[in-house]
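Here is a friendly briefing on a ligand site and the sheets of one model. Have the viewer open as you read.

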Amino acid sequence: MAKNLQAIRGMNDILPDASPRWAALEAAVREVLGSYGYAEIRFPIVESTELFRRSIGEVTDIVEKEMYTFADRNGDSLTLRPEGTACCVRACLEHGLLHNQQQRLWYAGPMFRHERPQKGRYRQFHQIGAEAFGIDGPDIDAEMICMTARFWQRLGLGDVRLQLNSLGSAAARAAYRERLVAYFEAHADALDEDSRRRLASNPLRILDSKNPAMAPLLAEAPLLIEHLDAASQVHFERLRELLDAAGIAYELNPRLVRGLDYYSRTVFEWVTDRLGAQGTVCAGGRYDGLVELLGGRPTPGVGFAMGIERLLGLLEADAEPAAAGAPQAYLVTVGAAAELAGLVLAESLRDALPGLRLQVNGGGGQFKNQLKRADRCGATWALILGDQEVADGSIGVKALREDEEQIRLPRAHLTEWLRARLPARSGSTA
Ligand code: ATP
Ligand code: MG
């Protein structure tokens, strides 16, 4: 027997009853991004593997074990994008968007990581992210954080907290790395297996360990924030001053290191306690070395990405269901002549009332069954076209949500009749 075809594990369908919530969230975020002057950029879902190896770093979780990498038919190594920043930088460089200019950009779409699927962690998930290029001061870091705070306000999320840290300059980080390795080597027997592996490759990531047995060791580890270079320290202090002025509360988290190699100076995460271990809904920071690393002129950059599934998971608990966009009118047509006149009528209504949501009965059927479908789809009115209406140029209108007599109108009056009853936007003529 043939096996039923199913979606790939960790990759979700978004069904019609859920999609209005997605659309509402995306619309709210898009509006806020626009209000700060960010422009949308779209780039492909597949890129050359080399792009992610070089930018994210060879010894990160993503590159080591999470990428969907495959050989194209001609043997090129391609990867489904696991994140957007590297793609965004690649696109900007390719199209000369960073030549002596600032850019404020945003993107949205699916990302792919081969992780163990669980609530809030999927193999295809969705991010909205923003990047700003060419601005090296803490003012833009503060703007990014204010903008994310405004998202939560718009979405009605009260309980996400901001965590903040600075990773300093590359040189400061290299010096700190030596100090940290020496500390961990002196306590080698307290390291778990993951950490022992990371000691040689990516020791800063050990600080990110979620293993409770490691907690006492980590609590005593030297802190990067205490070994910052002077310029990074000034940058960080000014950022804190700006956030204080904007009334944005934060917690300093000296163990916040982020999983990617390309960050420098400011890093931040918005976290919640309501999603278990998958508690980070938005993460970002400054990446001043990345553009140069990918072949461009040295250009400062800062950005963030937020996980849509996790945000929706948070919103689900409190919000009432979003309006599903049910049709306002359902056109019932009985008989071949009515079907033909119905098609013409429906197209002319859509011409005259561009916002009207009109569903036309499909596949014929008895009058009674068509009315049932009209009711089930949630429409406000059934528009009824039978032989008699075709013959005398009229249309029947039956209110489905209220107990009212069915009425009959000259078909030529239907547009005005509907326009008078629709919300302003859908009643306008193009
Ligand atoms: P985590 O520590 O949870 O693995 P991360 O540091 O790998 O997160 P980023 O690369 O910073 O995540 O991505 C930014 C945001 O995208 C995360 O804060 C999260 O909200 C979301 N995200 C990341 N990976 C997944 C995933 N596999 N499924 C759903 N959302 C994700
Ligand atoms: Mg991860």
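A backbone N or O atom of Tyr122 lies 2.9 Å from a nitrogen atom of ligand 1, a polar contact in the sense of a pair of N or O atoms within 3.5 Å. This is a predicted model, in which local features need pLDDT of at least 70 and side-chain atom pairs count only at pLDDT 80 or more, while totals for chains, interfaces and linings use all residues. Residues are numbered from 1 along each chain as its sequence is written, chains are lettered from A and ligands numbered from 1 in the order in which they are written, and side-chain values use heavy atoms, with hydrogens and water left out.

**The ligand site**

- Ligand 1 is surrounded by 15 residues, each with a heavy atom within 4 Å of it; the closest are Arg113, Glu115, Arg121, Arg258 and Thr280.
- On its own, ligand 1 has 590 Å² of accessible area, and the protein covers 87% of it (Shrake-Rupley method, 1.4 Å probe).
- By class, the shell holds six nonpolar, four polar and five charged residues (nonpolar: Ala, Val, Leu, Ile, Met, Phe, Trp, Tyr, Cys and Pro; charged: Asp, Glu, Lys and Arg; polar: the others, Gly among them).
- Strands β6 (124-133), β10 (280-286) and β11 (301-307) each supply at least two shell residues, and β10 gives the largest share, four residues.
- Strands (E, at least two residues) and helices (H or I, at least four) are DSSP runs, numbered from the N terminus.

**The eight-stranded sheet**

- This open sheet has mixed pairing and the order β1-β5-β6-β11-β10-β9-β7-β8; two strands pair if DSSP finds at least two bridges between them.
- Its edge strands, each pairing on one side only, are β1 (39-40) and β8 (251-252).
- β1 runs parallel to β5 (residues 103-112) over two bridges, and Ala39 stands opposite Leu105 in β5.
- Helix α5 (residues 138-155) packs on the sheet, touching β5, β6, β7 (161-166), β9 (264-271), β10 and β11; contact means heavy atoms within 4.5 Å.
- The direction of α5 makes about 20° with that of β11, where axes are lines fitted to C-alpha atoms, for helices over the stretch in contact, and angles run from 0 to 180 degrees between N-to-C directions.
- Helix α9 (residues 230-245) touches β7, β8, β9 and β10, at about 160° to β7.

**The five-stranded sheet**

- Here the order is β13-β12-β14-β15-β16, again open and mixed, with β13 (358-360) and β16 (407-410) as the edge strands.
- From one strand to the next, the twist averages 25°.
- β14 (residues 381-385) and β15 (residues 394-399) pair antiparallel over four bridges; Trp381 has Ala399 in β15 as its bridge partner.
- Helix α12 (residues 336-352) lies across β12 (329-333), β13, β14 and β15, at about 160° to β12.
- Helix α13 (residues 367-376) lies across β12, β14 and β15, at about 170° to β12.

Technical notes: Polar contact = N/O pair within 3.5 Å; in protein donor to acceptor, adjacent residues only side chain to side chain.
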